Amino acid sequence: MNGERIDERELDRLWNDLAGDKPPGAAYRLPREAADTVRLFQSLASTPPSEAARERVGREVMAAIDHMEQEHAMSTTMTWAGAPPTAIGRVRTRGNPWTRARPEAGRRWTLASLAMAALVLIAVAGSWRLGWDDRWLGNESNHAVLTAPAKSCGSNATATPAGTPVPVAVATASPAAAIKPNVSFAWAASGVPVGVSGVGNLAIDPQCRLWAVDADKSRFLIFNLDGKLLETWGSAGKGPGQFNFNTYPSGNGYFGAIAFAPDGGFYVADDGNLRVQQFDGDRKFVRQWTISDSATKQTGNPLWITVGPDGNVAVSTQVNAGIVQLFSPDGVLIRTFGAIGAGSDRLTGNGPIAFDPAGNIWLLDAGVPGLVEFSPAGTPMARIALPSSMSTSVYGFAIDAAGRFLIPDSTKNQIDVLDSSGTLLYAWGAFGVDPGKFATPHAVFLDGDGSVYVSEIGQPRIQKFDVRS
Amino acid sequence: MRLASGRRTQLGDEAAGEASDERLMVLRAQQTPRAVEPLYLRYRDPVINYCFHRLGDREEAEDAASAIFIHALRGLPGFHDRDGSFRTWLFRIAHNEVIDRHRQRARHPASPIDLFSEQPGTSRSPEEIAADADAHERLRALLAGLPPRERDVLELRAADLDTSQIAAVLGVTAQNVRSTQCRALARLRALMGDAGILDVEGGR
């Protein structure tokens with residue numbers, strides 16, 4: 001292939017585009033033999049998909065457009081009915097010329113309007129919890145809860161290295177919002193080892209140390225609450241005390257999670273090794289167990305893990321027949337719930353989970369994004385739709401003492417704060433490397449003293465914020 | 001590296017015009033879902049190709065491409081062209097969709113299939129087709145051996161995204177993309193040399 005003619009200017013542009021954004025000091029020049037590299041990339045990209053592929057994708061997209069236009073009609077009805085908007089800044093177009101142009105669609109619109117009018121009544125009565133039956137109508141008293149370590153850690157921390165906290169710009173949902181949050185940047189963790197490209201899930205142990213998943217090396221980074229790296233623990237492998245968090249491309253490389261019991265023992269969702277490992281307070285291996293998929297008779301991936309106030313361990317999995325699996329502290333399966341499927345009480349995707357002190361379990365359904373509440377018995381109690389202004393790339397969330405949800409939006413590079421009914425209250429962050437900005441925020445963890453820790457997988461950083469509302 | 005039409009010329013003018021008319025397309029599509037058609041036609045082939053390359057399975061790639069456009073359709077009302085183009089935003093959705101699908105099939109690894117079967121209407125000889133298919137397969141195999149982030153960067157390059165766009169898609173800094181792609185290219189060139197795809201003698 002070296003003998004084939006390649007346009008020199010095009011080659012220059014392509015290669016410089018590929019390799020020319022060089023780091024300072026690097027001495028790249030255009031090598032002749034690079035022609036084949038560039039040419040191969042070019043042909044990879046320009047090989048057209050088949051007509052059948054185009055047609056199939058087009059058909060599905062058109063069906064989605066039809067469906068959306070029906071929804072659009074419903075949304076207009078909801079606005080007419082006086083319901084509050086569900087999204088900040090969402091564009092709503094009144095009228096629907098599409099339905100006027102198609103009588104059959106107009107009939108569908110009429111039926112949809114009637115259905116939606118009924119839905120609006122239910123939604124208003126349920127404070128915007130979409131309740132199709134009693135199980136989905138939640139109990140408000142369960143929302144003002146605290147998901148944080150039982151022990152307060154803030155008082156144990158010394159003064160922040162950064163000195164005076166730096167105020168962070170906060171976008172509120174409306175200028176007249178009752179909540180005037182005060183968010184300040186405290187520190188960015190120092191001493192993240194070289195070679196770590198990002199930081200995954202977070203947890204604070206009973207000794208007030210911050211543990212962070214290092215997916216690159218399948219281990220944990222352990223910081224004090226001033227952001228100083230104390231040690232690393234664990235290694236890549238399949239043995240006890242070894243982990244596989246870097247499962248890409250079969251996984252996405254940023255899973256692996258840890259949760260602490262009050263006695264200092266802890267559980268690790270060892271995603272790539274398809275197991276949960278349990279350790280005691282001295283980090284000695286206790287036992288391991290797998291995630292079973294009763295439908296396929298195969299072993300499932302544990303994705304997220306959390307320990308409830310009763311010591312039971314909840315694991316969020318990829319098992320469609322039961323996304324949530326609840327275990328006793330010694331790893332005995334208690335029950336499985338939260339199946340994916342059609343139906344009002346079904347989930348549309350897997351996602352992170354959190355216990356509240358009442359023992360209820362919240363799951364962030366990443367399919368049709370929403371927060372779903374389950375009782376300890378696994379009964380679905382409520383579903384809160386996320387504002388449509390949020391992206392679907394939302395990950396490890398937390399619940400603060402007032403029952404608000406703190407959700408990292410990795411597409412918008414911000415932390416969204418929602419009230420217990422799912423209304424967006426305020427947000428902070430944007431893409432960047434400066435304090436208060438993020439490169440793909442991945443997990444949020446609270447220390448019980450108003451401090452919020454945020455990990456990023458787009459750069460090796462953990463930031464701490466003090467949030468006062 | 002224009003995906004649908006081959007070579008790009010007069011890059012600056014074309015890119016500026018593309019950005020301008022794209023903004024209008026986005027505005028229209030935000031008001032009426034059906035007006036998304038020109039955007040869809042512009043990005044259909046690049047997105048399908050990207051999914052082919054990342055997933056290694058034609059049928060799943062089609063499913064993924066459909067899901068990407070449907071996600072995009074649903075997200076369009078909330079899309080703000082503040083810090084990036086529609087292309088960046090769309091490929092970020094594509095990147096996330098591919099990652100999700102890799103996760104979903106973690107327990108059922110798919111066997112690679114022929115991604116580069118010749119399309120009807122081409123006039124190349126069977127020998128040329130075979131040579132290219134072979135090179136493609138070998139390159140794909142080599143790409144699969146790169147660390148995940150390096151592969152991400154190169155394959156988004158192949159999808160015609162520039163440094164800042166890739167940084168935005170992956171949620172990393174531009175400097176991170178630059179250093180990653182330098183490492184990736186060095187590693188890939190060495191691998192290509194080892195595999196006999198490329199003669200690397202006399203390189204940099």
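Trainee: Looking at chain B, is the crossing where α2(B) passes α3(B) left-handed or right-handed?

Mentor: In this model, which is a predicted one, α2(B) passes α3(B) in a right-handed crossing.

Trainee: And at what angle do α2(B) and α3(B) pack?

Mentor: The angle between α2(B) and α3(B) is about 135 degrees, and their axes are 8 Å apart. The two helices are therefore oblique to each other, since an angle has to be over 145 degrees to count as roughly antiparallel.

Trainee: Okay, which residues of α2(B) and α3(B) meet there?

Mentor: On the α2(B) side you will find B:Y40, B:Y43, B:R44, B:V47, B:I48, B:C51, B:F52 and B:L55, and they meet B:R58, B:E60, B:A61, B:A64, B:A65, B:I68 and B:F69 in α3(B). Sorted by class, this contact of α2(B) with α3(B) has 12 nonpolar residues, no polar ones and 3 charged ones.

Trainee: Switching topic, how many cavities of 30 Å³ or more does a search of the whole structure find?

Mentor: The search finds 4 cavities of that size, and the largest cavity has a volume of about 80 Å³.

Trainee: What lines the largest cavity?

Mentor: Its lining includes A:V61 from chain A, while from chain B come B:V36, B:L39, B:Y40, B:Y43, B:F69, B:A72, B:L73, B:L76, B:F86 and B:L90. The elements giving two or more residues to this lining are α2 (37-55), α3 (58-75) and α4 (86-104) of chain B.

Trainee: How does that lining divide by class?

Mentor: The lining of the largest cavity has 11 nonpolar residues, with no polar and no charged ones. If you compare the lists, B:Y40, B:Y43 and B:F69 line the cavity, and these residues take part in the contact between α2(B) and α3(B).

Trainee: Back to helices, then: how do α2(B) and α6(B) pack?

Mentor: They pack at an angle of about 150 degrees, with axes 10 Å apart. The two are therefore roughly antiparallel to each other, and their crossing is right-handed. The contact is made by B:Y50, B:H53 and B:R54 of α2(B) together with B:R151, B:D152, B:E155 and B:L156 of α6(B). By class that gives 2 nonpolar, 1 polar and 4 charged residues.

Trainee: And what about α6(B) with α7(B), at what angle do they pack?

Mentor: Helix α6 (residues 148-158) of chain B packs with helix α7 (residues 163-170) of chain B at about 130 degrees, their axes being 10 Å apart. That makes α6(B) oblique to α7(B), and the crossing of these two helices is right-handed.

Trainee: Which residues make that contact?

Mentor: B:R149, B:D152, B:V153, B:L156 and B:R157 belong to α6(B), and B:T163, B:I166, B:V169 and B:L170 belong to α7(B). The residues of this contact divide into 5 nonpolar, 1 polar and 3 charged.

Key:
Residues are numbered from 1 along each chain as its sequence is written. Chains are lettered from A and ligands numbered from 1 in the order in which they are written. This is a predicted model: local features need pLDDT of at least 70, side-chain atom pairs count only at pLDDT 80 or more; totals for chains, interfaces and linings use all residues. Side-chain values use heavy atoms; hydrogens and water are left out. Axes are lines fitted to C-alpha atoms, for helices over the stretch in contact, and angles run from 0 to 180 degrees between N-to-C directions. Helices (H or I, at least four residues) and strands (E, at least two) are DSSP runs, numbered from the N terminus. Angles under 35 degrees count as roughly parallel, over 145 as roughly antiparallel, 65 to 115 as roughly perpendicular and the rest as oblique. A crossing is left-handed if the near helix is turned anticlockwise from the far one by less than a right angle, and right-handed if clockwise. Contact means heavy atoms within 4.5 Å. Ala, Val, Leu, Ile, Met, Phe, Trp, Tyr, Cys and Pro count as nonpolar, Asp, Glu, Lys and Arg as charged, and the others, Gly among them, as polar. On a 1 Å grid over the protein atoms alone, a cavity is a set of points where a 1.4 Å probe fits but cannot get out, and a pocket is an open set with protein on both sides within 12 Å along at least five of seven lines; lining residues have an atom within 4 Å of a point. Grid points are joined across faces, edges and corners, and a volume is the space filled by probe spheres set on the points.
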